Amino acid sequence: MYKFINSADTYVDDMLAGYVRAHPEVVRAGRQGRTLVRRAGMRPGRVGLATGGGAGHLPLFLGYIGPGFVDTCAVGNVFEGPALGACIDAVKMADAGAGVLILFGNYGGDRMNFEMARKAVRSDLIETVLVNDDIASADTSERQKRRGVAGIIFAYKTAGAMAEAGAPLGDVADMARLTVSRTRTIGVGLKGCRLPSSTAPVFELPDGYIEMGIGIHGERGIRQTQLAGVDAVIDEMLSALLQDVPAASTGRVALLINGLGATPLEEQYIAFRRAAEILEMEGFEVVMPLVGSYVTALEMAGLSISLCFLDNEVEPWLAAKASCPFWKVA
């Protein structure tokens, strides 16, 4: 299988060079050009949001730089956490005098380097929030060990909107934590992707089988099972998600059907149809529906379902005006 690349060594930097040309509102900065920032800069006196992670997941992470979302992003190699220098630059460049929220997925390399970056910047006005929405990666008793996957975009949106409105750092961080606590995701894989540096896929499945609970780097899920039609798959995914509903839900839920890179949009809508049916049968009102590839894993075949169980605090910020290359709310 061929890829449209020059070489594995230049893959990320070639992509970043093309990205900023296509989206001139974002610029490369920092050490080796691995930190992306808003061209317009930060409004003085406003809380900044810094994020980061490995390449291979577009639109995540850098695709959500913009007003009402995040302000800076440190970019690592494919499926690898960003380097310490890029993390330091992302935190420093997000600081406009009111503090910085570092918001990223719960992965070891990301945690280590962003924590070191926090110490290197030596500011008391820094908060860190880890996203851990993947229910397949740990049970409810060990929720702090769960991976961060597609549900991170809900936290970007609510925290970013609150920061844009001028809220103080503590309130912005609390909103990010609240959103994470109300978000659940599960993924399913049909076929693994291939890293630019590899000749083999990151995982292989027997013909006609799926991996339930797959991670966005190809991490193994809960189990392998035969594919018996999309409705049966979505039913199983929703059953798992609805066993972990947070308390004090209003009954309104934001539903995200996310393609992992190679699933046609038509098939994502077929999945959405069934997911919305199940939620409505269970008494939930689906609001702010999202269908598309929001968090990918190169060309992995599969999809994930994210549910943000809304309350009266989260919903207004999720619906607030915002703009980035991959999500616009008027």
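Glu-277 counts as partly exposed, with a relative accessibility of 31%. In this predicted model, its side chain forms a salt bridge with Arg-273, and the closest N and O atoms of the pair are 3.8 Å apart. Arg-273 is likewise partly exposed, at 34% relative accessibility. Both residues belong to helix 7 (residues 265-281), where they stand four residues apart; they are therefore separated by about one helical turn. The 3.8 Å separation falls inside the cut-off of 4 Å that defines a salt bridge, so the pair qualifies.

The structure holds 25 salt bridges. Some of them share partners, and in this way Arg-38, Arg-43, Arg-46, Asp-71 and Glu-164 are joined into one network.

One link in that set of residues can be described in detail. The side chains of Asp-71 and Arg-38 meet in a salt bridge with an N to O distance of 2.7 Å. Asp-71 sits in the loop between strand 3 (48-55) and strand 4 (72-78), while Arg-38 is part of strand 2 (residues 35-38). The two are 33 residues apart, and the pair links distant parts of the chain. Where do these residues stand in terms of burial, given that under 20% relative accessible area is the limit for buried? Asp-71 has a relative accessibility of 1% and therefore counts as buried. Arg-38, at 13%, counts as buried because it too is under the limit of 20%.

A further salt bridge joins the side chains of Asp-244 and Arg-184, at 3.2 Å from N to O. Asp-244 lies in the loop between helix 6 (230-241) and strand 10 (252-259), and Arg-184 lies in strand 7 (residues 183-191), so this pair ties together parts of the chain that are 60 residues apart in sequence. Both Asp-244 and Arg-184 are buried.

Is Thr-179 buried or exposed? Its relative accessibility is 0%, so Thr-179 counts as buried. Which residues surround Thr-179 once its neighbours within four places in sequence are left aside? Thr-179 is then in contact with Phe-154, Ala-155 and Thr-158, and also with Cys-308 and Val-314.

Methods
Residues are numbered from 1 along each chain as its sequence is written. This is a predicted model: local features need pLDDT of at least 70, side-chain atom pairs count only at pLDDT 80 or more; totals for chains, interfaces and linings use all residues. Side-chain values use heavy atoms; hydrogens and water are left out. Buried means under 20% relative accessible area, exposed over 50%, partly exposed in between (1.4 Å probe, protein chains only). Contact means heavy atoms within 4.5 Å.
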